[in-house]
Amino acid sequence: MALSPIVREDVPAGPRGAYRKTAVTRARILDAALEVFGSQGYESGSLRHVAELAGISQAGLLHHYPNKVALLSAVLERRDEAAMDHVAGSPQGIELLASMVEYARDSANRPGEIDLFAVLSAESTRAGHPAHEYMARRYEWVTQVAVGSFEAARRAGHLRSGVDVHKTAAQLLALWDGLQIQWLMGVNDIDVAEGLEHFLDVHLVKPLRELLAELAAS
């Protein structure tokens with residue numbers, strides 16, 4: 001069973017107090033699922049363990065998320081919404097690339113999410129994994145965002161001559177994934193955002209921060 005595209009859950013009926021309680025419970029479940037799936041993997045992590053960590057019964061968990069795939073989908077949806085909110089409003093080009101760097105920096109405050117993404121990236125390479133199609137679509141989306149931003153940077157005269165935007169976008173994502181794994185492992189004193197910014201500086205006509213300062217001053 002593959003994950004479906006993002007589908008928003010219906011707003012629960014009932015008084016405001018009941019809705020608030022439901023929202024708090026769901027947030028607690030998603031936090032628990034994030035920890036369990038991130039530490040044990042999706043396939044090994046159990047709904048029973050998620051329910052215990054969330055402080056509810058397994059039946060109570062299934063009332064909100066009827067199966068394991070629905071729970072994983074909700075965890076990933078919440079992560080994607082945070083990412084989209086972070087880059088919303090940034091024009092394509094160096095400003096959006098800078099937003100990606102800042103998102104990487106902000107993600108360091110949420111290691112559980114990075115852990116989950118790293119585990120799913122490895123697990124979901126198999127076509128039968130529930131997150132396989134989701135992860136493929138996500139990589140396609142992020143690649144399109146990066147390619148569009150590099151193309152916009154070229155049109156603005158910010159990209160070095162001869163840079164292949166498609167290859168550079170793929171390299172950016174590969175670097176991001178690799179740096180996150182090293183960061184999770186605690187090796188090489190890695191700063192993911194700093195590594196991404198350095199990569200961008202190599203391909204831009206000037207360091208990213210200088211270009212952003214020039215844009216702000218214009």
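This is a predicted model: local features need pLDDT of at least 70, side-chain atom pairs count only at pLDDT 80 or more; totals for chains, interfaces and linings use all residues.
Residues are numbered from 1 along each chain as its sequence is written, and side-chain values use heavy atoms, with hydrogens and water left out.

Start with the chain as a whole. It has 218 residues, and 41% of them count as buried. Buried means under 20% relative accessible area, exposed means over 50%, and partly exposed lies in between, using a 1.4 Å probe and protein chains only. Take the contacts between residues at least 6 apart in sequence: 63% of them join residues at least 24 apart. A contact here means heavy atoms within 4.5 Å.

The largest nonpolar core has 31 residues. Such a core is a set of buried Ala, Val, Leu, Ile, Met, Phe, Trp, Tyr and Cys residues joined through side-chain atoms within 4.5 Å. Met100, Phe150, Leu172, Trp176, Leu196 and Leu200 have the most contacts inside this core. At least two core residues come from each of helix 5 (94-107), helix 7 (132-155), helix 8 (165-185), helix 9 (192-203) and helix 10 (208-217). Helix 5 supplies the largest share, eight residues. Leaving out residues up to four places away in sequence, Leu172 touches Met100, Ala146, Phe150, Leu196, Phe199 and Leu200. A second, separate core has 26 residues, including Val36, Val50, Leu71 and Leu120.

Next, the empty space. Rolling a probe the size of a water molecule over the atoms shows where such space is left. The search uses a 1 Å grid over the protein atoms alone: a cavity is a set of points where a 1.4 Å probe fits but cannot get out, and a pocket is an open set with protein on both sides within 12 Å along at least five of seven lines. Lining residues have an atom within 4 Å of a point. Grid points are joined across faces, edges and corners, and a volume is the space filled by probe spheres set on the points.

The second largest pocket has a volume of about 280 Å³. Its lining has 17 residues, and Met100, Tyr103, Arg138, Val142 and Trp176 lie nearest its centre. Helix 4, helix 5, helix 7 and helix 8 each give two or more residues to this lining. Helix 7 gives the most, with five. By class, the lining has twelve nonpolar, two polar and three charged residues. Here Ala, Val, Leu, Ile, Met, Phe, Trp, Tyr, Cys and Pro count as nonpolar, Asp, Glu, Lys and Arg as charged, and the others, Gly among them, as polar.

There are three cavities of 30 Å³ or more. The second largest cavity holds about 40 Å³. Leu34, Val75, Arg78, Arg79, Glu113 and Leu116 line this cavity. Helix 4 (68-87) and helix 6 (111-123) are the elements that give two or more residues to the lining. Helix 4 gives the most, with three. The lining has three nonpolar, no polar and three charged residues.

Now some loops. Serine 124 sits between helix 6 and helix 7. Serine 124 counts as buried because its relative accessible area is 5%. Its side chain reaches the backbone oxygen of leucine 120 at 2.5 Å. Beyond its neighbours within four places in sequence, serine 124 is in contact with His129, Ala131, His132 and Met135.

Histidine 158 lies in the loop between helix 7 and helix 8. Its relative accessibility is 14%, so histidine 158 counts as buried. Residues up to four places away aside, histidine 158 touches Ile94, Ala153, His203, Leu204, Val205 and Leu211. Most residues other than glycine have a negative phi. Asparagine 188 has a positive phi of about 65°, and phi of aspartate 189 is near 50°. Asparagine 188 is exposed, with a relative accessible area of 59%. Aspartate 189 is exposed too, at 79%.

Conventions. Helices (H or I, at least four residues) and strands (E, at least two) are DSSP runs, numbered from the N terminus. A polar contact is a pair of N or O atoms within 3.5 Å; within protein, one must be able to donate a hydrogen and the other to accept it, and residues adjacent in sequence count only if both atoms are side-chain atoms.
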